[in-house]
Amino acid sequence: MRKSLLVVAIAALAVSTAMTPAVFAQARTDVKVGLVLEPPSLDPTAEAAAAVDEVVYANVFEGLTRFAPDGSVIPALAKSWEISADGLTYTFKLVEGAKFHDGTDFNADDVKFSLDRINAEGSLNAQKALYADIASVEVVDPATVKVTLSKPNGDLIYNLAWGDAVIVAPETADGNKTKPVGTGPFTFANRVEGDSITLAKNPNYWGTPIKLEGATFKFIADPTAAFGAMQAGDVDTFPNFPAAETIAQFQNDPRFRVVVGSTQGETILAMNNGKAPLDNVKVRAAIAHAINREDVINGAMSGFGLPIGSFFPPGDANYVDLTAQSAYDPEKSKALLAEAGITDLTLSLKLPPVEGYARRGGEIIAQQLAAVGIKTETTNLEWAQWLDEVFKQKNYDLTIISHTEPNDISIFSRPEYYFDYKSDAFNKIIADISVTADPAKRAELLKAAQKQLADDYAVGFLFGLAKLGVENAKLKGMWENAPAQATDLTAVYWEE
């Protein structure tokens, strides 16, 4: 009897011991994120690259307002605000008790410094045109800021949610490119150039505590390497997966979850409107009609993407389908070139380091242009080179890029923007939008803006960029859609 009891006891102990790892195992508290592009710096107020916001937006830096996962704008460092009847004065009430990662207090002086800095002489802010209507910023008290506009701007609260308007401290602003200091739930921990950036949990965060203890962003531009990294578990999530052709393999593997969402991204064949012969609308139209969008979407993105005929995301309520206006028609393209007197045309095609829509898309579009008699000289650029040659110097004829900033059709009204597009009619529409608050009237104007760009063949409109994500099936809280260019980890956790 005693022997039997001993055997049972030993067996019970063995079962208990065997079960211990499963019963008491804790969920992971770190996450490894795969990104295609490495940011050139970590200061979103001084860089145009979307890759900067993909790391630091909402994680390290915060603005007065921010984008929620559904695209709505919600309070952040400003807990509330009031707008004067004439639309010229915005009074923001700030959260209290927030601190920057270096331990200094956040207050109204930091807001004034950050907003004044956007439009100051020598500012490198890529979106400072969005904030040009700010006439003055007044500190009322440590928790209250009054912003006065030179004219009404119905988009101000929306624009303040952009990464370009995050709040920084005067003590650390100059060092944010390499060692970012914000008020967010993550602090900057380490960077290995060409490989990764690591963030750590901010133990003194003023807001809702996050569940992760740390996050590492791994930079993997090559689609084959991205596929291998996901399969091997070297990364846990790839929010914008670059190997669309392999998606079916992940969909059939229970270890993974495939998330197909929408973005604010418009993928375009940008044309340098200020450079002959692209200053001729007939030449731009000829290029547009030479492009078979479906072939580009299928060949470069494995079918993920919706054709567009103007610069507007297909998922937006105010989207107008203008694809028929620039439909694939190679014979019309040849006729337009003849009308423009073009017989032997060679154009530069400078591509950023995105394997899918840019590099593969570039090959397809080069072939399509060749079919109508337009030769291209293709140059593959690294990101810093593209920003310098194309975006800053406008030293290009054609390029392929996805603009992922939200609500950004107004960029075509900027006189020195790299498209070099000039249109008084379009500029007036954008000016009217900025002072219009009525939703119905704004919708009408947004549709008119889309039509004007289509009429002018301002660029070659390709497709709306899909958000194609792959993630570990146990990872929760990642954004499904991308209302902003961000990898927001503030709600991410592991399922136990």
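1. Is Lys394 buried or exposed? Lys394 is buried, with a relative accessible area of 19%; buried means under 20% and exposed over 50%, with a 1.4 Å probe and protein chains only. Its phi is near 55°, a positive value in a residue other than glycine. Lys394 sits in the loop between helix H11 (383-392) and strand S16 (398-403), where helices (H or I, at least four residues) and strands (E, at least two) are DSSP runs numbered from the N terminus.

2. A word on the source: this is a predicted model, with local features needing pLDDT of at least 70, side-chain atom pairs counting only at pLDDT 80 or more, and totals for chains, interfaces and linings using all residues. Residues are numbered from 1 along each chain as its sequence is written, and side-chain values use heavy atoms, leaving out hydrogens and water.

3. Now H11 itself. Trp383, Trp386, Leu387, Val390 and Phe391 are buried there. They lie on the same side of H11, because they cover an arc of only 110° around the axis, taken from the directions from the helix axis to the C-beta atoms. Ala384 and Lys392 are exposed on the face turned away from that buried side. The cover over the buried residues includes helix H2 (50-56), strand S14 (345-351) and S16.

4. Tyr457 has a positive phi of about 45° without being a glycine, and it is buried, at 12% relative accessible area. Its loop runs between helix H13 (439-456) and strand S17 (460-472).

5. Finally, the peptide bond from Ala276 to Pro277 is cis, with omega near 0°. Pro277 belongs to the loop between strand S12 (256-271) and helix H7 (281-289).

Technical notes:
Contact means heavy atoms within 4.5 Å.
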